[in-house]
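This report concerns the packing of helices and the setting of selected residues. Please examine the sequence and the structure shown below before reading on.

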Amino acid sequence: MAVFTYSALNKAGVLSNGDITANDRADAFRRLDRNGLQPVSLKPKEEEGVPLPAKEVKSAAAKEKGKPETIKAVATVAPKPAGAKSAEPEKTKATIPQGPVKLKRGDIILFTEELSDLLAAGLQLEPALRIMESRDELSGVKDVTTILRSRIRDGASFSQSLKVASPNFGELYCNLAAAGEISGALPKILRRQSEYLLSVQALTNKVTVAMIYPICLMVAGFAVSILFVSYLIPQLTQLLKSMGKELPMAAKAVLGVGDFVMGYWWAIALVIGLAVYGFQRITSSPAYREPWDRIKLTLPFFGPLISQRFYVQFLETLSNLVGNGLPLLRALELTRDATVNRHLRSLLTKVIAMVGEGGSLSRSLRKVGFFPSLLTDMITVGEQTGDIEHSLERTAMRYEKELQKTIDRGTAMVTPIIIFFMAIIVGTMAYLMVSVILQSVTSIKR
């Protein structure tokens, strides 16, 4: 057992000081919590079994002797009976989930919205997590909240605790949380993150609804193609062979492809699986991740989408950090750390180096060459007026609208593109069928 010295607020908001005996720091926090005290500070007074030096013992005894007995009774939290000491920590530890908890996207959105609302209302992080932990209907979110609160009370940071609590938060989420912790803008950043997650979920739902008709069309087209290759064209082939006629070259090619797929489908599936696995391993390796991140920015449709999303995230994060009093150079470093794309992170490193040498933000962004002129011009206006925070915020809103337009155009193009390709496949099959039928009819007339 160890003795800890604490300062804590009671339910009336009155600050009290005292000593508490507990197994460890986490157990001390739990004991204070059970006694209705909100810890402000908690420091170890002495190690277990190691007495204080004689001078400190005399000094502590003299101070204790001079204190009124009533104050001592209020300030010190009495330990529980000896019989309950060993069972209580075991019971508390058993209630804390062990290991990372898997969360769905909806659970992460719910957790982020709930926590950002509580922090924006003025609560500190640990009391906000305690309120969330008391809600029984949160299931997986409740377990994650329990792990987070336990680690934070042990002295861990919120961003590091997120990585341990659940792997589903992701690198971007944890890096943004770290930036919010350092700058004091955690409620704003969590609110922005919840809005981003909601927009991603809305986009996913929109794409899912838009894909229902094309998927049905694709299934019908493949079913017709399989019917042609496996039944109709072979029947006509037998008819032409009985007449001593040859099939058209296109029909022979379709039959050859069909026979190969039916005979070696397992090999085709194995090759595709190995190719996908190898591609994922290569692109996720440190040596090839940055080149692949650079290639992603050049892909049709996806490249502009990734770039515009980066502009919005870069501007919003930088605006929040600068608005909370961080120096521009430190805010840029935290924004870079919150960027997942390795190529974009290297570009921000160049910007940070130029700003560190005395260059302005807008001029540094222009020299990098990746950022559009509209973005740098709006930042220049903010630098000249001395209101760079609101300039960054207005620019982020503008690019958020552009991002939404890009997403709407992309989802609107999905259906006609799929219909076009399915029309080519079904039309090819129909042409082969008609040509074989016409050839067989001509042979019968002769």
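The following paragraphs treat two helix pairs and then two individual residues.

The structure is a predicted model. Two packed helices are described by the angle between their axes and the distance between the axes. The table sets out these values for the two pairs.

| Helix pair | Axes come within | Crossing angle |
|---|---|---|
| H6 (residues 105-120) and H7 (residues 125-133) | 9 Å | roughly 130° |
| H7 and H8 (residues 140-153) | 9 Å | roughly 150° |

**Helices H6 and H7**

The axes of H6 and H7 cross at roughly 130°. Because of this angle, H6 is oblique to H7. The crossing of these two helices is right-handed. On the side of H6, the residues that meet H7 are Phe111, Glu114, Leu115, Leu118 and Leu119. Their partners in H7 are Leu125, Ala128, Leu129, Ile131 and Met132. Sorted by class, this contact comprises nine nonpolar residues, one charged residue and no polar residue.

**Helices H7 and H8**

For H7 and H8, the axes cross at roughly 150°. An angle over 145 degrees counts as roughly antiparallel, and H7 and H8 are therefore roughly antiparallel to each other. The crossing of H7 with H8 is left-handed. H7 contributes Leu125, Glu126, Leu129, Arg130, Met132 and Glu133 to the contact. From H8 come Val141, Lys142, Thr145, Thr146, Leu148, Arg149, Ile152 and Arg153. In this contact of H7 with H8, six residues are nonpolar, two are polar and six are charged.

**Thr380**

Attention now turns to single residues. Thr380 belongs to helix H19, which spans residues 373-385. Is Thr380 buried or exposed? Its relative accessible area is 17%, and because buried means under 20%, Thr380 is classed as buried. The side chain of Thr380 forms a polar contact with the side chain of Arg366, at 3.0 Å. When neighbours within four places in sequence are set aside, Thr380 is in contact with Ser362 and Arg366.

**Phe301**

Where does Phe301 lie? Phe301 is placed in the loop between helix H14 (286-296) and helix H15 (302-323). Its phi angle is near 65°, which is a positive value in a residue other than glycine. With a relative accessible area of 35%, Phe301 is partly exposed.

Technical notes
Residues are numbered from 1 along each chain as its sequence is written. This is a predicted model: local features need pLDDT of at least 70, side-chain atom pairs count only at pLDDT 80 or more; totals for chains, interfaces and linings use all residues. Side-chain values use heavy atoms; hydrogens and water are left out. Axes are lines fitted to C-alpha atoms, for helices over the stretch in contact, and angles run from 0 to 180 degrees between N-to-C directions. Helices (H or I, at least four residues) and strands (E, at least two) are DSSP runs, numbered from the N terminus. Angles under 35 degrees count as roughly parallel, over 145 as roughly antiparallel, 65 to 115 as roughly perpendicular and the rest as oblique. A crossing is left-handed if the near helix is turned anticlockwise from the far one by less than a right angle, and right-handed if clockwise. Contact means heavy atoms within 4.5 Å. Ala, Val, Leu, Ile, Met, Phe, Trp, Tyr, Cys and Pro count as nonpolar, Asp, Glu, Lys and Arg as charged, and the others, Gly among them, as polar. Buried means under 20% relative accessible area, exposed over 50%, partly exposed in between (1.4 Å probe, protein chains only). A polar contact is a pair of N or O atoms within 3.5 Å; within protein, one must be able to donate a hydrogen and the other to accept it, and residues adjacent in sequence count only if both atoms are side-chain atoms.
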